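Have the sequence and the structure open as you read.

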Amino acid sequence: MALFDRFRRGSIAGGATGGPEAVRARLEGAMSRRRLRGWNPPLENINALVASGGPRLLARARELVVTNGYAANACEAFASNLVGDGIKPSSLIEEAEVRDRVQRLWLAWTDEADAEGLTDFYGLQAMVAREMFVAGECFVRLRPRRSEDGLLVPLQLQLLQSEMLPFEKTEVAANGNRIRCGIEFDGIGRRVAYHFRRRHPGDSTDQRVAVPETVRVPAGEVLHIYRPIDAGQIRGLPHVAPAMVRLFLLDQYDDAELDRKKTAAMFAGFITKTAAEEPMMGESAADPDGAAIASLEPGTMQVLLPGEDVRFSSPADVGGGYEAFQYRTLLAVSASLGLPYHLVTGDVRQANYSSLRAELVEFRRRVQQLQHGVIAHQLCRPIWARWMETAVLAGALDLPGYTSVPARFRAVQWIPPRWDWVDPLKDIQAQVLAMEAGITSRRKVVEATGYDVEEVDRENAVDAARAADLGLRYRTSPGETQGARATPSRRPDPGDGSEAVNTPEESRGRDGNATRRSGQTEQE
């Protein structure tokens with residue numbers, strides 16, 4: 001036995017020095033045995049895959065989001081969690097007065113940002129998020145305007161769908177630059193232009209004659225918003241792509257099951273006869289195929305003739321495995337989309353507080369990656385810089401020293417929308433304790449709610465001044481010590497006739513919930 005063990009160890013050791021072939025033989029995913037013999041994917045770059053299958057993938061994704069309820073709901077959930085009511089800027093300019101002027105002008109301009117006049121800047125963010133889900137990318141063209149257009153800042157934004165940039169346009173330009181999937185690159189790989197179609201290829205209502213078919217737009221006037229999943233990727237992939245096949249087949253299965261039940265439910269019963277006799281009560285004339293139908297009415301009593309029999313239809317049920325099958329399939333769809341199950345289906349029957357919170361924490365980590373790495377970096381940051389430059393050149397903003405040091409004025413922090421938790425009381429109490437312990441700042445806590453701390457402070461100051469002028473007094477007024485452990489600044493003297501003010505610890509009963517009656521002392 002010992003001799004066999006030594007032989008086996010020697011064989012393993014000899015195989016370890018057998019070169020790359022021996023190493024590859026131990027990688028299960030690289031084996032070519034019976035189970036994996038048919039798995040031979042081509043070694044293609046993602047850009048080649050997008051160029052060949054992009055148009056069909058895009059068409060199927062758009063149809064799926066329009067016709068499939070789960071896909072439509074997932075698209076709205078993706079957009080609402082990614083941008084919500086808007087990812088908003090908080091200027092970091094040191095001068096308070098200048099910072100306030102910049103913020104006020106930006107807020108006023110957001111209502112004029114859309115070139116089509118249908119929504120504001122934050123509505124455009126939501127449209128970009130939906131396009132990322134459906135098409136994987138969206139193009140934003142920066143449109144300078146004339147001063148006579150009457151805009152606060154002569155700049156507007158135009159959204160262009162992915163179809164406007166042809167996947168098949170891959171060639172060498174007249175200037176020697178390479179055009180790949182509609183994007184023109186210079187000799188060192190920088191984007192210099194986009195070759196957009198003049199009209200949407202699927203819009204039959206636009207009958208303009210496009211001559212030439214595409215127009216060259218400098219890259220400095222276009223923002224390409226997409227999430228690159230591979231190094232060197234130049235076009236986006238639909239976020240819904242991994243779940244498209246399952247959603248399509250599940251929708252067909254549901255339609256077939258629904259149609260089967262509908263057809264079976266139309267037949268109440270079947271009448272059998274041994275010979276052609278008198279027609280039954282309510283029996284209509286035979287159709288061209290020789291089949292007659294007898295209708296039933298409430299209270300009908302039919303006398304059957306000898307040899308006649310009635311058999312009622314009992315259609316087969318969907319079976320006990322239908323619900324489990326749907327659940328497992330939709331779980332796979334949700335995992336493919338990177339969305340929680342309850343956001344895709346609206347089904348929270350099997351959820352509880354702990355499971356929902358654990359699911360949302362991981363989901364929001366992914367969303368924060370997209371918020372900061374894609375939306376804020378690719379969309380919001382360049383628009384803020386171009387907007388400020390345009391405002392200064394148009395005279396809408398007076399920023400002395402901007403031309404010499406523009407980075408000092410462009411400093412900005414983008415605040416994503418707040419997260420609503422299942423139990424907000426516990427989270428607010430945790431935030432208050434973190435502030436009291438110095439673990440976090442009040443600015444961070446306020447910004448986590450989706451608001452600017454300076455705007456909140458101004459509103460609190462205005463509310464406090466108005467309440468003081470009107471003689472109003474609330475349980476917690478702005479400017480006072482707040483939080484779960486707030487205590488009064490002094491204890492009342494029982495001899496001066498003042499009303500006793502208890503601390504929160506004194507106001508709570510032994511169980512932490514019941515409170516003492518007004519005026520009750522500790523001795524009582």
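Rings of Phe, Tyr and Trp (its six-membered ring) pair here if their centres lie within 6.5 Å, with planes under 30 degrees apart counting as stacked, over 60 as edge-to-face and the rest as tilted. Before going on, a word on the ground rules: this is a predicted model, where local features need pLDDT of at least 70, side-chain atom pairs count only at pLDDT 80 or more, and totals for chains, interfaces and linings use all residues. Residues are numbered from 1 along each chain as its sequence is written, and side-chain values use heavy atoms, with hydrogens and water left out.

Searching the whole structure turns up 18 aromatic pairs. One of them joins W106 and W414, edge-to-face, at 6.0 Å centre to centre and with 75° between the planes. W106 belongs to helix 5 (residues 96-109) and W414 to strand 12 (residues 412-415), so this pair ties together parts that are 308 residues apart in sequence. Helices (H or I, at least four residues) and strands (E, at least two) are DSSP runs, numbered from the N terminus. Are these two tryptophans buried or exposed? W106 is buried at 1% relative accessibility, and W414 is buried too, at 10% relative accessible area. The cut-offs are under 20% relative accessible area for buried, over 50% for exposed, and partly exposed in between (1.4 Å probe, protein chains only). Then there's Y402 with F409: their ring centres are 6.0 Å apart and their planes sit at 55°, so that pair is tilted. Both Y402 and F409 are buried.

Now for the helices. How do helix 5 and helix 10 lie relative to each other? Their axes come within 12 Å and cross at roughly 105°, helix 10 being residues 353-394. Axes are lines fitted to C-alpha atoms, for helices over the stretch in contact, and angles run from 0 to 180 degrees between N-to-C directions. Helix 5 and helix 10 are therefore roughly perpendicular, a label covering 65 to 115 degrees, with under 35 roughly parallel, over 145 roughly antiparallel and the rest oblique. Helix 5 makes the contact (heavy atoms within 4.5 Å) through V102, Q103, L105, W106 and W109, and helix 10 through I383, W384, W387, M388 and A391.

On to the cysteines. The disulfide count is 0, going by cysteine sulfur atoms within 2.5 Å. C138 is buried at 1% relative accessible area, and C380 is buried at 0%. C181, in the loop between strand 5 (178-180) and strand 6 (183-185), has a positive phi near 55° despite not being glycine. C181 is buried as well, at 5% relative accessibility.

Zooming out, the protein chain has 15 helices and 12 strands. Buried residues make up 31% of its 524 residues.
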